[in-house]
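Dear colleague,

I am passing on the structure that follows, together with notes on what was found in it. Please read the notes with the coordinates open beside them.

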Amino acid sequence: MSHAPRIRTVLSCTLLVLSLGVGATGCGGSDANPLSAKPYDAAGQVVYNGPAGSQKADPGKPLEITVKGKETRLTDVTAVDGNGRYLAGELAADGSRWHSTGALVAGAHYTVKVSTENEDGSPGLRTLTFDTAAVTDAVEVEFGPDAGKYGVGQPITAELSKPIKDKKARTIVERALVVESTPKVEGNWYWVGDKVLHYRPKEYWPTHATINVHSNLEGVKIADKLYGGPGKPLKITTGDRVEAITDAAGHYMTVKRNGEVINTIPITTGKPGFSTRNGVKVVLGKQYFVRMRGETVGISSSSSDGYDLPVYYATRVTWSGEYVHAAPWSVGSQGYENVSHGCTGMSTGNAAWFYENINEGDIVKVVNSIGEDMTPFDNGFGDWNVDWDEWRKGSSLLADLKAGQIKANSARLRPGV
């Protein structure tokens, strides 16, 4: 058998490898391609409209970069502030000019890298830095509640120092208010008014969750001559899922922890004319002692319905004065009839137990009352009485989207890191 063909194949492969090696060496030369050269200093060929020396730029004016003469053109421009936010811009087709299309952040330090190319194709680079002027009259944000541990029904609030009415401006503000949760759940902001937003998930918060809230609004242009100010970040956690279901017709309260019934308590609720509000309420706070007087809710002291009572173990659920509390004077009616002025009354022993086992942010839900429904925002936290589709419509970012859709760059919950 002849071995000649095999020898010829090996020799051919060897020549091919050698040929490729020679070619690679040739391409590696520094003179073969201008793009492989180190960028030259393009300081003399690039002009920008930024401030000179220690002066600060007006954040209300766009940034503009141009080249001198026709021998040089811009190939790329990046402008980044100290927080890593990129400034949007547009490069002319002929490379003669770049200008910002987004607003500069007030009170920020910018680094601008300008890449150029000369008539020979050689790359150039110029790095610029400048500061923008701060604003003294800005929209500040304050988050609530205070840092701490809460029940799974606790909404997040954001109160602005100035009213925001324009939809576009509201979108800018809302996008900058970030809520991050571990574990991750779906949720969004709702504009309660021109200065107040509430945030809640689709369902109650998960048990033992961590929720971090912060603002990226500082220095951001909201509208003409209106910029965002600082906002202190907030961290809260949740505990067990505690729910108290008050059956006004059955005259009993059922208390659950993580879905398991832990107590059933005989109660009395509001009598006709003072019926307790139906719906989901969130515990606002607890007071060991409260003096309750009818005059504070518009009942004359001379009326047959007037009252002035020392009340213990008072758990508040509305700002208008609805509590769950000890009512030793009505023990004979508890479990049988409704005789209160709107509060949920129980024995002193049961009220003490409830007081010790309920916390701010826990859920108190009233059913089967002949009273009105709990309003969403003007009398405590009635947020959970708003249908989820309606809640989404309260967001400037999500109002025009269908359930399940996500708007690009929208404020949404993400896993904490």
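How much space lies in the largest pocket? The answer is about 900 Å³, where a pocket is defined on a 1 Å grid over the protein atoms alone as an open set of points where a 1.4 Å probe fits, with protein on both sides within 12 Å along at least five of seven lines, and where the volume is the space filled by probe spheres set on the points, these being joined across faces, edges and corners. Please bear in mind that this is a predicted model, in which local features need pLDDT of at least 70 and side-chain atom pairs count only at pLDDT 80 or more, while totals for chains, interfaces and linings use all residues. Residues are numbered from 1 along each chain as its sequence is written, and side-chain values use heavy atoms, with hydrogens and water left out.

The largest pocket is lined by 32 residues, of which Ala103, Ile172, Arg175, Val220 and Lys221 are the closest to its centre; a lining residue has an atom within 4 Å of a point. Helix H2 gives the largest share of this lining, 5 residues, and H2 and strand E16 each supply at least two. Helices (H or I, at least four residues) and strands (E, at least two) are DSSP runs, numbered from the N terminus.

As for the chain overall, it holds 4 helices and 27 strands. Of its 417 residues, 41% are buried, a word that stands for under 20% relative accessible area, with exposed meaning over 50% and partly exposed the range in between (1.4 Å probe, protein chains only). The chain exposes about 21900 Å², 51% of which is supplied by carbon and sulfur atoms; the areas come from the Shrake-Rupley method with a 1.4 Å probe. Among contacts (heavy atoms within 4.5 Å) between residues at least 6 apart in sequence, 65% join residues at least 24 apart.

Which residues touch the most other members of the largest nonpolar core? Within that core of 35 residues they are Ile156, Ile164 and Trp189, a nonpolar core being a set of buried Ala, Val, Leu, Ile, Met, Phe, Trp, Tyr and Cys residues joined through side-chain atoms within 4.5 Å. Apart from this core lies another, of 20 residues, including Ala42, Ala108, Val114 and Leu128. Leaving out residues up to four places away in sequence, Ile164 touches Val139, Ala169, Arg170, Val173, Trp191, Asp194, Ile222 and Leu226.

Helix H2, which spans residues 167-176, has Ala169, Arg170, Thr171, Val173, Glu174 and Ala176 buried. Their cover includes strands E11 (156-160), E12 (177-182), E13 (187-191), E15 (210-215) and E16 (221-223).

Some backbone details deserve a check. The peptide bond from Gly144 to Pro145 is cis, with omega near 5°, and Pro145 is placed in the loop between strand E9 (139-144) and strand E10 (148-150). Pro145 counts as buried because its relative accessibility is 13%, and beyond its neighbours within four places in sequence it is in contact with Tyr150, Gln154, Pro155, Ile156, Leu234 and Ile236. The bond from Thr182 to Pro183 is also cis, with omega near 5°, and Pro183 is in the loop between E12 and E13. Asn258, although not a glycine, has a positive phi of about 55°; Asn258 lies in the loop between strand E20 (252-257) and strand E21 (260-266).

Not counting residues up to four places away in sequence, His99 touches Leu63, Glu64, Gly89 and Glu90.

Best regards
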